[in-house]
Structures are given as C-alpha cells and as structure tokens.
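Trainee: I'd like to go through this model and ask where its labels come from. Can you set each value against its cut-off for me?

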Amino acid sequence: MRGRLWVLWIVQTLGGVFCLLLGITPVYSSLTSTMVILILFSIWCQQACGMNCAVVPFISKRSTGLVYGLVGAGGNTGAAVTQAIFFTYLPLSATQGFFWLGVMVIGVTALYMAVYFPMW
C-alpha cells in the first residue's frame, strides 16, 4: 500500500510541477513550449486521477462503493471550487492562476506523507 501512495505522491507532484511551469512560461512568446507543458500537465493530471481510484479499495473493504462515490464527487467538486477561486474570484491573470494552482497542488500533495494505513 505504501508503494501506491508513493506513486500517487510522485505523479500528483509532477502534475503540480507542470502546472506551475505552465504559469511561469510566457504564453504569448512561446506557443510551442506552452503546448508541450500543457500536454505533459494533462498526462500527469489524468494519471493522478487514475491513481486515486487505485487507492480507494484499501480505505474500507466493506464500503468501497461509498468511498468511490465520495472520491469521485469530491474530485469534481474540488475542481469546480478551485477553478472558481483561481480563475474567477481572485484578480489573477491566467498565468498567475496556473502558477498558484501548481503551488497549491504541490502543497496539498505533501500531506500524503501523513497518510497511514495500519492494515497494510
């Protein structure tokens, strides 16, 4: 189980790093590098979503369906709230929004180190 958490931490941290790089890259001067970073960010982001589902069966064997539902609904809700915060309500440009979104992803992902599953 610790191996799955380490892989999830690595994958999600790399997604945050590429999101942060997307915010640093000058969008208007280098379209090619922006698209490459965006594609890499998308790949790591999709892998992190899949890895979250790989961890779910180890949380509760009796209520796996409930946990899957909470993870799925929580992911969609978190995405909508994060998009509203960084790209609607705060007076940030799109590049600043991606930068701070990447910082937040890396910071929240660091909390995975505190997760402990005593059964595994």
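Trainee: What is the handedness of the crossing of α1 and α2?

Mentor: The crossing of α1 and α2 is left-handed. That word applies if the near helix is turned anticlockwise from the far one by less than a right angle, and clockwise gives right-handed. Before we go on: this is a predicted model, where local features need pLDDT of at least 70, side-chain atom pairs count only at pLDDT 80 or more, and totals for chains, interfaces and linings use all residues. Residues are numbered from 1 along each chain as its sequence is written, and side-chain values use heavy atoms, with hydrogens and water left out.

Trainee: What makes α1 and α2 roughly antiparallel to each other?

Mentor: The axes of helix α1 (residues 2-24) and α2 cross at roughly 155 degrees and come within 8 Å. Axes here are lines fitted to C-alpha atoms, for helices over the stretch in contact, and angles run from 0 to 180 degrees between N-to-C directions. Angles under 35 degrees count as roughly parallel, over 145 as roughly antiparallel, 65 to 115 as roughly perpendicular and the rest as oblique. So α1 and α2 are roughly antiparallel.

Trainee: And how are α1 and α4 oriented to each other?

Mentor: They pack at an angle of about 160 degrees, with axes 7 Å apart. α1 and α4 are therefore roughly antiparallel, and their crossing is left-handed.

Trainee: Why is α3 called oblique to α4?

Mentor: Helix α3 (residues 64-89) and helix α4 (residues 94-109) have axes that cross at roughly 135 degrees and come within 9 Å. That value makes α3 oblique to α4. As for the hand, α3 passes α4 in a right-handed crossing.

Trainee: How many helices and strands does the protein have?

Mentor: Four helices and zero strands, running α-α-α-α from the N terminus on. Both kinds of element are DSSP runs numbered from the N terminus: helices are H or I with at least four residues, strands are E with at least two. The C-alpha trace spans about 50 × 30 × 20 Å along its principal axes.

Trainee: What share of the protein is buried?

Mentor: Buried residues make up 26% of the 120 residues. Buried means under 20% relative accessible area, exposed over 50%, and partly exposed in between (1.4 Å probe, protein chains only).

Trainee: Why does W44 count as partly exposed?

Mentor: W44, in helix α2, has a relative accessible area of 23%, so partly exposed is the label.

Trainee: What about L21 and V71, how accessible are they?

Mentor: L21 sits in helix α1 and is partly exposed because its relative accessible area is 32%. V71 belongs to helix α3 and, at 31% relative accessibility, is partly exposed too. L21 and Q96 are 75 residues apart along the chain, with C-alpha atoms separated by 11 Å.

Trainee: Which residues make the nonpolar surface patch?

Mentor: V36, I39, L40 and I43 make the patch, about 320 Å². Patch residues have over 30% relative accessible area and no salt bridge, and nonpolar side chains (Val, Leu, Ile, Met, Phe, Trp, Tyr) are joined within 5 Å. V36 lies in helix α2 (residues 31-55), and at 44% relative accessibility V36 counts as partly exposed.

Methods:
Patches are made of residues with over 30% relative accessible area and no salt bridge: like charges are joined within 9 Å, nonpolar side chains (Val, Leu, Ile, Met, Phe, Trp, Tyr) within 5 Å. Accessible areas come from the Shrake-Rupley method with a 1.4 Å probe; for residues, only the protein chains shown count as cover. A salt bridge is a side-chain nitrogen of Lys or Arg within 4 Å of a carboxyl oxygen of Asp or Glu.
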